[in-house]
Amino acid sequence: MSENVFLTVKELSERWKCSIYSIYRSVDKVDFIPCYRLCGGGILFKIKDIEEYEKQKVQKKYKKRKKDVDI
């Protein structure tokens with residue numbers, strides 16, 4: 001099983017097409033993905049947590065759009 005279970009800040013920024021600095025700013029927010037801080041200062045994110053976060057964001061966006069259309 002060679003599948004990566006974690007993504008680095010750089011890998012996550014590439015996935016979301018944003019800067020690494022956007023990820024670093026978001027790390028300390030309460031509603032952001034849980035992260036694992038390494039001794040050398042690195043940060044890792046579980047892919048499972050990232051996918052769950054993305055799913056929640058899509059659902060919130062859909063609910064907001066639906067609410068706007070219903071009015």
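The questions below go from the fold to single residues.

User: What is the ground for the numbers here?

Analyst: This is a predicted model, where local features need pLDDT of at least 70, side-chain atom pairs count only at pLDDT 80 or more, and totals for chains, interfaces and linings use all residues. Residues are numbered from 1 along each chain as its sequence is written, and side-chain values use heavy atoms, with hydrogens and water left out.

User: Which pattern does the chain follow along the sequence?

Analyst: Helices (H or I, at least four residues) and strands (E, at least two) are DSSP runs, numbered from the N terminus. The chain has three helices and three strands. Read in order, the pattern is β-α-α-β-β-α.

User: How many residues make up the largest nonpolar core, and which element gives the most to this core?

Analyst: A nonpolar core is a set of buried Ala, Val, Leu, Ile, Met, Phe, Trp, Tyr and Cys residues joined through side-chain atoms within 4.5 Å. Buried means under 20% relative accessible area, exposed over 50%, and partly exposed in between (1.4 Å probe, protein chains only). The largest such core has 12 residues, including Leu 7, Val 9, Ile 23, Phe 45 and Tyr 53. Two or more residues come from each of α1 (9–16), β3 (43–46) and α3 (47–70), and the top contributor, with three residues, is α3.

User: Which residues does Ile 23 contact, leaving aside neighbours within four places in sequence?

Analyst: Contact means heavy atoms within 4.5 Å. Ile 23 is itself a member of the largest nonpolar core. Its partners, with those neighbours left aside, are Val 9, Leu 12, Ser 13, Trp 16, Cys 18, Phe 32 and Phe 45.

User: Is Ser 13 buried or exposed?

Analyst: Ser 13 sits in helix α1. Not counting residues up to four places away in sequence, Ser 13 touches Cys 18, Ser 19, Ile 20 and Ile 23. Its relative accessibility is 5%, so Ser 13 is buried.

User: How far is the backbone oxygen of Ser 22 from a polar atom of the side chain of Ser 26?

Analyst: Ser 26 belongs to helix α2 (residues 20–26). Ser 26 has a relative accessible area of 15%, so this residue is buried. From a polar atom of the Ser 26 side chain to the backbone oxygen of Ser 22, the distance is 2.9 Å.

User: Why does Val 5 count as partly exposed?

Analyst: Val 5 lies in the segment before β1 (6–8). Val 5 counts as partly exposed because its relative accessibility is 49%.

Note on methods: A polar contact is a pair of N or O atoms within 3.5 Å; within protein, one must be able to donate a hydrogen and the other to accept it, and residues adjacent in sequence count only if both atoms are side-chain atoms.
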